[in-house]
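Subject: Structure handover and notes

Hello,

Here is the structure we discussed. Please look it over alongside the notes that follow.

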Amino acid sequence: MQHRALGRTGLSIAPVVFGGNVFGWTADEKTSFDLLDRFFDAGFNTIDTADVYSAWVDGHKGGESEEVIGRWLKRGSVSRDKAIIVTKVGFDNRGQKTGLSKGWIEQAIDASLKRLGTDYVDLYLAHKPDTEVPVEESLEAFAKLKQAGKVRAIGCSNYNATQLQASLDAAASKGLPRYDVLQPEYNLYTREKFEGALADLCQREEIGVISYYALAAGFLTGKYRELKDTEGVARSYRVADYLNDKGMRILAALDEISVETNASAASIAIAWVAARPGITAPIASATSLRQLESIVAVGSLQLSADQMARLNEAGL
């Protein structure tokens with residue numbers, strides 16, 4: 001499997017990143033360990049998580065995903081230097097603002113490292129913009145973490161083109177490390193948040209992109225065709241948003257190409273993102289080994305130019 005350079009970070013990643021938000025939530029610890037073992041056995045090497053995962057679950061406080069990953073790393077089935085760990089800071093926890101202040105970033109990284117059971121993370125992301133903190137303050141904090149060896153590279157998530165450009169300008173003017181990776185929402189259905197000015201900026205500045213929601217909360221697997229199909233689903237509140245004419249056009253195109261390639265709709269949807277301009281690797285999650293096989297299959301799935309074009313058209 002050919003790995004890809006993640007912007008200017010010096011990190012090299014496989015074409016799909018495992019979304020760790022499910023760990024300790026919809027995937028229990030044993031299942032999570034099995035999923036990670038299979039994912040790495042297949043040649044993939046990157047896990048994405050955040051300090052807030054999974055605070056939205058009753059009885060959780062955030063950090064559960066990092067704790068599961070930490071216990072998996074401790075087992076030693078994969079050596080630490082072979083696993084690229086991405087985590088994030090600054091997303092509100094159950095309505096309580098955390099943000100990107102210098103003090104909070106320094107506190108949060110130590111808590112994440114403790115939960116992960118490691119002395120560094122490979123990539124540390126600002127989870128969302130914090131309009132109450134000067135971007136220079138956040139970059140200074142990240143710079144200290146890099147100097148201390150706690151973080152190898154930094155990036156940001158959910159920034160638009162204006163916000164990302166402002167951060168690049170601030171880094172250049174103050175001689176600070178810049179955000180070298182962006183994590184935007186991007187999939188066959190939701191394209192406007194990345195395509196255009198933001199994608200152009202990332203390509204121009206050689207910023208690595210690991211996009212999330214590659215399967216649109218599971219909708220692009222094709223298993224949700226009517227509202228009744230979402231009953232009892234953990235992400236039903238998101239899936240229902242896609243049940244419209246546009247969503248049905250996309251599913252129809254996925255169905256056609258699934259027949260042509262003998263690949264699942266999920267594999268095709270992820271492969272489409274992975275092949276898009278400016279994308280280094282999409283993030284995708286699974287809660288069972290059967291679901292994981294659709295992710296693993298992306299490593300060897302090559303969509304033709306005609307198939308890419310039909311998918312592009314369906315999602316417009």
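Helices (H or I, at least four residues) and strands (E, at least two) are DSSP runs, numbered from the N terminus. The model is predicted: local features need pLDDT of at least 70, side-chain atom pairs count only at pLDDT 80 or more, and totals for chains, interfaces and linings use all residues. Residues are numbered from 1 along each chain as its sequence is written, and side-chain values use heavy atoms, with hydrogens and water left out.

The barrel

Eight strands close into a barrel, in the order β3-β4-β5-β6-β7-β8-β9-β10, with parallel pairing. (Two strands pair if DSSP finds at least two bridges between them.) From one strand to the next the twist averages 25°. β6 and β7 pair in the parallel sense over five bridges. In that region L125 stands opposite G155 of β7. β8 and β9 are also parallel, paired over two bridges. There, L182 has V209 of β9 as its bridge partner. Helix α3 (residues 102–116) packs on the sheet and touches β5 (84–89), β6 (121–126) and β7. Its direction makes about 140° with that of β6. (Axes are lines fitted to C-alpha atoms, for helices over the stretch in contact; angles run from 0 to 180 degrees between N-to-C directions. Contact means heavy atoms within 4.5 Å.)

Buried strand positions

Buried means under 20% relative accessible area, exposed over 50%, and partly exposed in between (1.4 Å probe, protein chains only). Six of the seven residues of β7 are buried, so that strand is largely enclosed by the rest of the structure. I84 lies in β5. I84 is buried, at 8% relative accessible area. Leaving out residues up to four places away in sequence, I84 touches L11, S12, I13, N45, T46, I47 and D122. Its C-alpha is 7.7 Å from that of V121, 37 residues apart along the chain. S211 sits in β9 (residues 208–211). S211 is buried, with a relative accessible area of 0%.

Helix α5

α5 (residues 161–174) has 14 residues. From first C-alpha to last it reaches 20 Å, close to the 20 Å expected at 1.5 Å a residue. (The expected span is 1.5 Å times one less than the number of residues.) Its buried residues are L164, S167, L168, A170 and A171. Seen down the axis, they fall within an arc of 160°, so they line one face of the helix. (The arc is that of the directions from the helix axis to the C-beta atoms.) They pack against α4 (135–147), β7 (151–157), β8 (181–183) and α6 (197–204). T162, A172 and S173, on the other side, are exposed. N160 caps the N-terminal end: a side-chain oxygen lies 3.1 Å from the backbone nitrogen of T162. After α5 comes G175, with a positive phi near 65°.

Backbone points to check

Y53 and S54 are joined by a cis peptide bond, with omega about 5°. S54 is in the loop between β4 (46–48) and α2 (64–75). N158 is not a glycine, yet its phi is positive, about 65°. N158 lies in the loop between β7 and α5 and is partly exposed, at 30% relative accessibility. Y213, also not a glycine, has a positive phi of about 60°. Its place is the loop between β9 and α7 (236–239).

Regards

Terms used. Polar contact = N/O pair within 3.5 Å; in protein donor to acceptor, adjacent residues only side chain to side chain.
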